[in-house]
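Subject: Structure handover

Hello,

Here is the structure for your records, followed by notes on what was found in it. Please read the notes alongside the coordinates.

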Amino acid sequence: MIDLAIGQPSPWLLPVEAMAKAAAHCTGHPDCVLLAYGAEQGDGHFRVALSKFLGKIYVQPIDAAQLLVTNGASQAIDLICTLFSKAGDTIFVEEPTYFLARKIFADHQLKPVSLPMDADGLIVEALEEELKRTRPAFLYTIPTYHNPTSVCLSASRREKLVELSRRYDIMVVADEVYHPLSYTSAPPPPLAVSCVSAKVISLGSFSKILAPGLRLGWLQAAPALVERIVQCGLLDSGGGLNPFTSGVVRSAMELGLMDENLTLLKETYSRRMQTMGAALRSRLPASARFIDPAGGFFIWLSLPEGTDTLDLLAKAKSRNVEFMPGSKFSSRQGLKNCLRLSFAYYDTPELLEGVERLAAVVGKG
Ligand SMILES: Cc1ncc(COP(=O)(O)O)c(C=O)c1O
């Protein structure tokens with residue numbers, strides 16, 4: 001089976017040696033602080049190292065006071081739901097949106113209203129129209145290398161989104177976990193840079209740039225909003241999240257291992273993205289359309305209207321290939337003619353063979 005639904009790094013890309021080195025470095029001095037309860041906002045030294053690392057990627061200085069350590073973007077989304085919404089509230093999401101965030105929103109009994117996207121990301125005019133009717137608890141958006149479409153919100157729409165957030169006093173939760181994974185050109189400036197001028201909370205994660213098993217991420221927000229989050233019961237009772245792991249990752253950043261890993265990932269994923277894109281173009285019928293990604297993990301295929309990719313998946317499985325059907329990413333039972341492919345997990349031979357098997361299924365319609 002070649003499972004092109006898998007949105008995670010191949011096992012050989014997990015930085016076992018680098019993490020062993022970083023762990024030895026951070027435990028090599030008699031300092032027990034990492035094994036005690038941590039500061040609610042996250043270890044200060046770690047946040048300074050993180051702000052330097054992010055400053056290089058965002059190409060502007062990042063204030064460590066705006067950063068709060070999380071157990072990853074999923075936990076941050078869950079915490080934001082806990083603190084800033086209540087059961088029955090409306091939230092705005094993109095159509096399509098990250099399918100597992102949909103599940104977290106359902107856990108909190110939130111009601112998603114989905115907003116359309118195009119090749120330039122969320123259609124902000126549609127957002128404005130909806131804001132005239134409804135005030136959501138927040139908008140959840142994936143502005144850069146979107147999951148599943150890989151598109152980026154254009155510069156003018158970013159400006160408009162921030163302006164709308166200010167004008168309507170709407171919280172924007174920007175899931176920016178793929179932002180550092182740019183392959184063809186510099187990524188757009190993150191929404192994180194607007195977190196002081198508007199009510200923006202930006203989410204980042206080491207899952208996509210180091211290892212998902214670390215369960216380590218961060219959020220970036222205005223200091224007053226960070227302070228509100230710091231006061232929550234979870235952090236009051238348990239202290240800051242993941243102090244030990246953040247100590248190890250701080251060493252990885254200070255030793256330059258983090259930069260080395262990110263360079264390797266970008267080279268590898270960029271190659272895989274090109275391999276998959278070229279194979280799809282040569283093997284699939286012209287009626288299968290997709291936008292070439294410039295970063296992230298995914299290619300989003302649109303098949304002719306009337307195709308049901310859930311039915312197609314059953315046929316694909318019988319040919320030992322899998323993908324993620326589009327309906328999983330829809331909040332209104334749509335996107336049935338779409339599917340998501342990941343190029344992150346497999347190397348060239350499996351990607352080529354996977355596309356070959358997929359073409360045999362799609363070709364037959
Ligand atoms: C858009 C998006 N947000 C969040 C996550 C999960 O991130 P984490 O591992 O940091 O919880 C993923 C992982 O697939 C994702 O694609």
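Helices, of at least four residues, and strands, of at least two, are DSSP runs here, numbered from the N terminus. Counted in that way, the protein has 12 helices and 13 strands. The radius of gyration is 21 Å, close to the 21 Å given by the globule rule for 365 residues, so the protein is as compact as a globular protein of that length. The C-alpha trace spans about 65 × 50 × 35 Å along its principal axes. Please keep in mind that this is a predicted model.

Ligand site

The ligand sits in the largest pocket. It is surrounded by 13 residues, and S74, D175, Y178, S205 and S207 are the closest. By class, the shell around the ligand holds 5 nonpolar, 5 polar and 3 charged residues.

- Y178: an N or O atom of the side chain is 2.6 Å from an oxygen atom of the ligand.
- A73: a backbone N or O atom lies 2.7 Å from an oxygen atom of the ligand.
- K208: a polar side-chain atom lies 2.8 Å from an oxygen atom of the ligand.

On its own the ligand has 400 Å² of accessible area, and the protein covers 92% of that.

Backbone geometry

Most peptide bonds are trans, and most residues other than glycine have a negative phi. Which peptide bonds and residues depart from this pattern here? Two cis bonds and one positive phi are noted below.

The peptide bond from E95 to P96 is cis, with omega near 5°. P96 is in the loop that runs between β3 (90-95) and α4 (99-107).

The peptide bond from N147 to P148 is also cis, and its omega is near 20°. The loop that holds P148 lies between β6 (139-141) and α6 (155-168).

R215, a residue other than glycine, has a positive phi, near 50°. R215 belongs to the loop between β8 (200-205) and β9 (217-220).

Regards

Conventions. Residues are numbered from 1 along each chain as its sequence is written. This is a predicted model: local features need pLDDT of at least 70, side-chain atom pairs count only at pLDDT 80 or more; totals for chains, interfaces and linings use all residues. Side-chain values use heavy atoms; hydrogens and water are left out. A residue is near a molecule or strand if one of its heavy atoms lies within 4 Å of it. A polar contact is a pair of N or O atoms within 3.5 Å; within protein, one must be able to donate a hydrogen and the other to accept it, and residues adjacent in sequence count only if both atoms are side-chain atoms. Accessible areas come from the Shrake-Rupley method with a 1.4 Å probe; for residues, only the protein chains shown count as cover. On a 1 Å grid over the protein atoms alone, a cavity is a set of points where a 1.4 Å probe fits but cannot get out, and a pocket is an open set with protein on both sides within 12 Å along at least five of seven lines; lining residues have an atom within 4 Å of a point. A molecule sits in a cavity or pocket if more than half of its atoms lie within 2 Å of its grid points. Ala, Val, Leu, Ile, Met, Phe, Trp, Tyr, Cys and Pro count as nonpolar, Asp, Glu, Lys and Arg as charged, and the others, Gly among them, as polar. The radius of gyration is taken over C-alpha atoms; the globule rule is 2.2 Å times the number of residues to the power 0.38.
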